[in-house]
Amino acid sequence: MSTRKSNIFGSFGLALKEALDRMGVTPTWLSKISGKDKGQISKYINDKLVPKRVIQLELAKYLRYEIIESDSGWELVEKKNTNRVEETTGTYEVVNYANEKKYLKKLFKEMQSIEKIFDEIDSNTELSSSERKLQTEMIKEKIVRSIRNIPGIED
């Protein structure tokens with residue numbers, strides 16, 4: 001008899017809950033790392049609301065799984081190479097100091113919120129080393145995305 005868990009679920013909410021459980025993270029964690037409202041994520045998990053596809057894709061960026069609707073239900077498909085962040089290099093040119101200052105202040109604020117998430121992960125003694133590693137990689141991805149969103153950054 002197989003001990004493999006099913007990858008087909010009756011709703012998006014069940015699939016999302018299972019993805020979080022398999023990763024060893026909470027809906028609160030997903031809310032913090034994605035910037036989505038904790039109440040909305042709760043509604044998704046409890047099948048009170050099915051998010052639009054664009055929101056589903058945004059949430060999946062932080063998961064090790066794609067959640068895909070098929071004829072048989074909602075399927076969890078493990079992503080390839082989810083524990084890897086590509087190194088990025090770039091150039092930055094200041095065109096307008098006032099605008100650049102605004103963007104950089106926003107970036108610093110985002111970095112502070114990311115640091116808080118990291119500190120929570122670092123102090124969570126219930127996480128295994130593989131869970132800690134995965135969450136650290138996800139934080140790195142969030143940092144790279146934040147930097148790439150600054151106007152004027154060229155890859």
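A nonpolar core is defined here as a set of buried Ala, Val, Leu, Ile, Met, Phe, Trp, Tyr and Cys residues joined through side-chain atoms within 4.5 Å, where buried denotes a relative accessible area under 20%, exposed over 50%, and partly exposed the range in between (1.4 Å probe, protein chains only). The model is a predicted one, in which local features need pLDDT of at least 70 and side-chain atom pairs count only at pLDDT 80 or more, while totals for chains, interfaces and linings use all residues. Residues are numbered from 1 along each chain as its sequence is written, and side-chain values use heavy atoms, with hydrogens and water left out.

The protein chain contains six helices and five strands, taken as DSSP runs numbered from the N terminus (helices: H or I, at least four residues; strands: E, at least two). From the N terminus, the order of these elements is β-α-α-α-α-β-β-β-α-α-β. Of the 155 residues in the protein chain, 34% are buried. The accessible surface, computed by the Shrake-Rupley method with a 1.4 Å probe and, for residues, with only the protein chains shown counting as cover, comes to about 10300 Å², of which carbon and sulfur atoms hold 50%. Among contacts (heavy atoms within 4.5 Å) with a separation of 6 or more, 62% join residues 24 or more positions apart.

The largest nonpolar core comprises 29 residues, and those touching the most other members are Leu 16, Met 23, Trp 29, Leu 30, Leu 63 and Ile 67. At least two residues of this core are supplied by each of α1, α2, α3, α4, β2, β3, α5 (97–123) and α6 (129–148). Helix α1 provides the largest share, namely six residues. In soluble globular proteins, nonpolar side chains tend to be buried together. When residues up to four places away in sequence are not counted, Leu 16 touches Leu 30, Tyr 44, Ile 45, Leu 59, Leu 63 and Ile 67.

In helix α4 (residues 53–60), the buried positions are Ile 55, Gln 56, Leu 59 and Ala 60. Viewed down the axis of α4, these residues fall within an arc of 140°, so they line one face of the helix; the arc is that of the directions from the helix axis to the C-beta atoms. An α-helix has 3.6 residues a turn, so residues three or four places apart point the same way. The buried residues of α4 pack against α1 (12–23), α2 (27–34), α3 (38–45), β2 (65–70) and β3 (73–78). In α2, the residues Trp 29, Leu 30, Ser 31, Ile 33 and Ser 34 are buried, and their cover includes α1, α3, α4, α5 and α6. Just after α2, Gly 35 adopts a positive phi of about 80°.

One aromatic pair was found in a search of the whole structure, the criterion being ring centres of Phe, Tyr and Trp (its six-membered ring) within 6.5 Å, with planes under 30 degrees apart classed as stacked, over 60 as edge-to-face and the rest as tilted. The pair consists of Phe 12 and Trp 74 in an edge-to-face arrangement, 5.4 Å centre to centre and with 75° between the planes. It links distant parts of the chain, with Phe 12 in helix α1 and Trp 74 in strand β3, 62 residues apart. Phe 12 is buried at a relative accessible area of 2%, and Trp 74 is buried at 8%. A charge–ring arrangement (NZ of Lys or CZ of Arg within 6 Å of the ring centre and within 35 degrees of the ring normal) involves Lys 102, whose charged end sits over the ring of Tyr 103 at 5.3 Å from its centre.

The loop between α3 and α4 includes Asp 47, Lys 48 and Val 50. Most residues other than glycine have a negative phi. Apart from neighbours within four places in sequence, Val 50 contacts Phe 12, Gln 56 and Trp 74. The C-alpha atoms of Val 50 and Ser 11, 39 residues apart along the chain, are separated by 8.5 Å. In the loop between β1 (8–9) and α1, Gly 10 is exposed with a relative accessible area of 68%. The C-alpha atom of Gly 10 is 8.2 Å from that of Ser 72, 62 residues away along the chain.
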